[in-house]
Amino acid sequence: MVYVTLACAILSEILATTAMKYSDGFSRLWPSLATALGYLLAFALLAQTLKSMSVGTAYAIWSGAGTAVIAMIGMVFLGESASALKLLGVLLVIAGVVVLNLDGAH
């Protein structure tokens, strides 16, 4: 169940960050509200996750997965460049999360 909660925290953070892109510097109401509510939910779910998972493991997965997915959303849907170097960076983020978790989720 802890991984489901963490996955929901990650999804919420991804949706909030995507909404922030459309908030136009917080000048558009609905995307701005979606950003605020998304981050509030993301942090609440992350806090619940930390009750039964180590902070290093949870945060590595949360931030790494969020970073990788947001980078891919930018490249695939928002017209950002998709260079080989950028793709390598995404792979390195994922590899870093895997390496940090080799010790196991305690």
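How far apart in helix 3 are Tyr59 and Trp62, counted in helical turns? I looked this up to get started: Tyr59 and Trp62 sit three residues apart, so about one helical turn separates them.

**Ground rules.** I am working with a predicted model, where local features need pLDDT of at least 70, side-chain atom pairs count only at pLDDT 80 or more, and totals for chains, interfaces and linings use all residues. Residues are numbered from 1 along each chain as its sequence is written, and side-chain values use heavy atoms, with hydrogens and water left out.

**Helix 2 against helix 3.** I took helices as DSSP runs (H or I, at least four residues), numbered from the N terminus. Helix 2 covers residues 29–49 and helix 3 covers residues 55–77; their axes come within 10 Å and cross at roughly 150°. The axes are lines fitted to C-alpha atoms over the stretch in contact, with angles from 0 to 180 degrees between N-to-C directions. The two helices are therefore roughly antiparallel (the word applies to angles over 145 degrees). I noted the crossing of helix 2 and helix 3 as right-handed, meaning the near helix is turned clockwise from the far one by less than a right angle.

Next I checked who touches whom, with contact meaning heavy atoms within 4.5 Å. Helix 2 brings Ala42, Phe43, Leu46 and Thr49, while helix 3 brings Ala58, Tyr59 and Trp62. I sorted these contact residues into six nonpolar, one polar and no charged.

Phe43 is in helix 2 and Trp62 in helix 3, 19 residues apart, so to speak a link between distant parts of the chain. The rings of Tyr59 and Trp62 are tilted too, with centres 5.5 Å apart and planes at 50°. Ring pairs join Phe43, Tyr59 and Trp62 into a cluster.

Which of them is buried? Trp62 is, at 6% relative accessible area (buried is under 20%, exposed over 50%, partly exposed in between, using a 1.4 Å probe and protein chains only). Phe43 is partly exposed at 47%, and Tyr59 is partly exposed at 45%.

Most residues other than glycine have a negative phi. Asp24 has a positive phi near 55°, and Phe26 has one near 65°. I found Asp24 in the loop between helix 1 (2–22) and helix 2. Asp24 is exposed at 56%, and Phe26 is exposed at 52%.

Methods: Angles under 35 degrees count as roughly parallel, over 145 as roughly antiparallel, 65 to 115 as roughly perpendicular and the rest as oblique. Ala, Val, Leu, Ile, Met, Phe, Trp, Tyr, Cys and Pro count as nonpolar, Asp, Glu, Lys and Arg as charged, and the others, Gly among them, as polar. Rings of Phe, Tyr and Trp (its six-membered ring) pair if their centres lie within 6.5 Å; planes under 30 degrees apart count as stacked, over 60 as edge-to-face and the rest as tilted.
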